[in-house]
Amino acid sequence: MKSEMNANMGNFEFIMPQMGEGLIEATVTKWLKQEGDTVTEDESLVEVATDKVDTEIPSPVTGVLVKKMCAEGEVVPIGHTLAMIEVEGLKAAVKTEPEQMPQPEPVKKETSPVVNVVESNVEQPEPETSSVSRFYSPLVKNIAKQENIPMKELASIPGSGKDDRLTKEDILNYIRKRKKGDHTPAAPAVPVVPSGDDQVIEMDRIRQLIASHMSRSWETSPHVNSFVEIDMTNIVHWREKNKSLLEHREEQKLTFTPFFIEAIAKSVRDVPYVNVSMDGTKIILRRNINIGMAVALPNNNLIVPVIRNADQKSLLGITRTVNDLSNRARIGKLVPDDITGGTISITNLGSVGLIMGTPIINQPQAAIIAVGSIIKRPVVIESPDGDAIAIRHMMILSLAHDHRIIDGALAGQFLNRMKFYLEKFDINQSI
C-alpha cells in the first residue's frame, strides 16, 4: 500500500482496493474491527464479497480505526472510502493508493452486444425518475442510458446479484435478447407452493450466483458432449507406489487431479483450438493455459480456482498448486486473483462416485473436462501374441464443448491426446 507520511498525527483514508479483473464494486459483509480498536499493518480489517469470491482486506497501516465509512451489507465501488484510520506521523487526511491485487493477463469477457460503456464510479443521471427503490450501480445505469432503457423497464429485469441486484451480466444478457426481438424480460418461474411439512431454504449469495452463471452459460453456448474411455492402470500403480513418499518428503497429498491437469495442459499444447473463447464473430485463441478446477465446498456450493500456466509446471508443482488452492477454497481463504483468468476447466466427478457426467461450460471458456470414477473391470488387451482379458483400472472422460467454435472432430483430437498422455504415463519417472 502507498501513502504519504509526515511527522504529525492524522487520519489515513483507506479505500476499497481493486478486487480483480472486471470488478467495479464489492459488498461489505462484515467489519472485523470496530471504531476505537487498534489495528496493525496487514491485520484483516473488513470482509467483503464480490460476484466471484469472499475475501478479507488487510489494513495498510498501523493505527486506530476512528470511523467506518460503510455499513455492513453496503455495496461499495472500487476506490470508495471504507474507513478512516488515525495514524501517528500522518500530517493530514490522505487517501490510500492501494496496490492492486496481482492481475492476470487481460481476458475477453463473455460474448456480449457491442455497447458504448464507460466504467465509471461517478454517479450518472437517472434515465428517468422512478419511485422504484431498487439499487443500480453506476455501470448498470450507464448501460441503460446508452441503450435507452427506461427505469420502468429496468425495474422489470430479473437480477442475479445480492437482494435481486441487477448486475452487468444481467443487463447485457437482457439487451442481447432485446436486440433479437424479445423486448420483454424472461417469464418468471412457475411459483412453487410448499406444503406444511416442507422446509423452505433461502439460497445463499454464492448459490444464487452459481444458478445465474449456469443458466446464462446454457443459454449462450450450444453444448455438445464427447466421451473417451481411459485405461488408468499405469497411473494407479505409480501413484500407489509414490504417494506415501511424497506425503513424507514434501508433505503433499497426491490425488489423481494433478495427473489430469498435466494431461490437459499437454493436450492443449497439441490441440490449442480448444483453449479459446468467442467474442461476437471473433475467436480468441488463449496464449496461456490456465486450468480452472472445480472444488466442492463444505456448504454444498462450488468454486473454481485456477492453476495458472499449468503447462509450465512439473507434476510436483501442479500437485502443490492443486493442494494449496483446494485447501484455501474449503476454508474461504481464496483471493479474487485465484479464481480469474481461467481458459479451460475440469471437474472431478469420480471424487463423488460418479462414473461420468456432462458438465456446463464455465463462460467465457469454450470447453470443460469431466473425469469419472476409476473402476476395475475386465478389458480385452491386444498384443502381438493375440487378445487376452485382463483386469484394468478404467475411467470415462468427457468433454463438454461449445459447438459454435469446437466441432466433434476437434473434440475427438483433444480427447485422444488426453487418452495418449494418461495411458502412456511413464511409470519409471520419479517425482
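Author: Let us begin with a definition: a residue is buried if its relative accessible area is under 20%, exposed if that area is over 50%, and partly exposed in between. Please note that this is a predicted model.

Reader: Which residues of helix α6 are called buried?

Author: The buried residues of α6 include Thr-257, Pro-258, Phe-259, Phe-260 and Ile-261. Further along the helix, Ala-265, Ser-267 and Val-268 are also among them. In total, 11 of the 14 residues of α6 are buried, and the helix is described as mostly covered.

Reader: How do you know that the length of α6 agrees with its number of residues?

Author: Helix α6 covers residues 257–270 and has 14 residues. The expected span is 1.5 Å times one less than the number of residues. For α6 this should give 20 Å, and the end C-alpha atoms are 20 Å apart, so the two values agree.

Reader: What makes Leu-297 count as buried?

Author: Its relative accessibility is 16%, and the cut-off for a buried residue is under 20%. Leu-297 therefore counts as buried. Leu-297 is found in the loop between β14 and β15, and its C-alpha atom is separated by 5.4 Å from that of Arg-330, which is 33 residues apart along the chain.

Reader: What is noted about the peptide bond from Gln-363 to Pro-364?

Author: That bond is cis, with omega near 5°. Pro-364 has its place in the loop between β17 and β18. In general, most peptide bonds are trans.

Reader: Where is Glu-251 found, and why is it called exposed?

Author: Glu-251 is found in the loop between α5 and α6. Its relative accessible area is 70%, so Glu-251 is called exposed, the cut-off being over 50%. Phi of Glu-251 is near 55°, a positive value in a residue other than glycine.

Reader: How do you know which strands pair with β2?

Author: Two strands pair if there are at least two bridges between them. Antiparallel β7 is joined to β2 by 3 bridges, and antiparallel β4 is joined to β2 by 4 bridges. In the former case, Glu-25 stands opposite Pro-77, and Thr-27 stands opposite Val-75. In β4, Glu-47 is the bridge partner of Lys-30.

Reader: What makes β5 and β7 the edges of the sheet?

Author: The open sheet has 4 strands in the order β5-β4-β2-β7, with antiparallel pairing. Strands β5 and β7 each have a single partner strand, so one side of each is left without a neighbour in the sheet. The twist averages 45° from one strand to the next.

How values were computed:
Residues are numbered from 1 along each chain as its sequence is written. This is a predicted model: local features need pLDDT of at least 70, side-chain atom pairs count only at pLDDT 80 or more; totals for chains, interfaces and linings use all residues. Side-chain values use heavy atoms; hydrogens and water are left out. Helices (H or I, at least four residues) and strands (E, at least two) are DSSP runs, numbered from the N terminus. Buried means under 20% relative accessible area, exposed over 50%, partly exposed in between (1.4 Å probe, protein chains only). Axes are lines fitted to C-alpha atoms, for helices over the stretch in contact, and angles run from 0 to 180 degrees between N-to-C directions.
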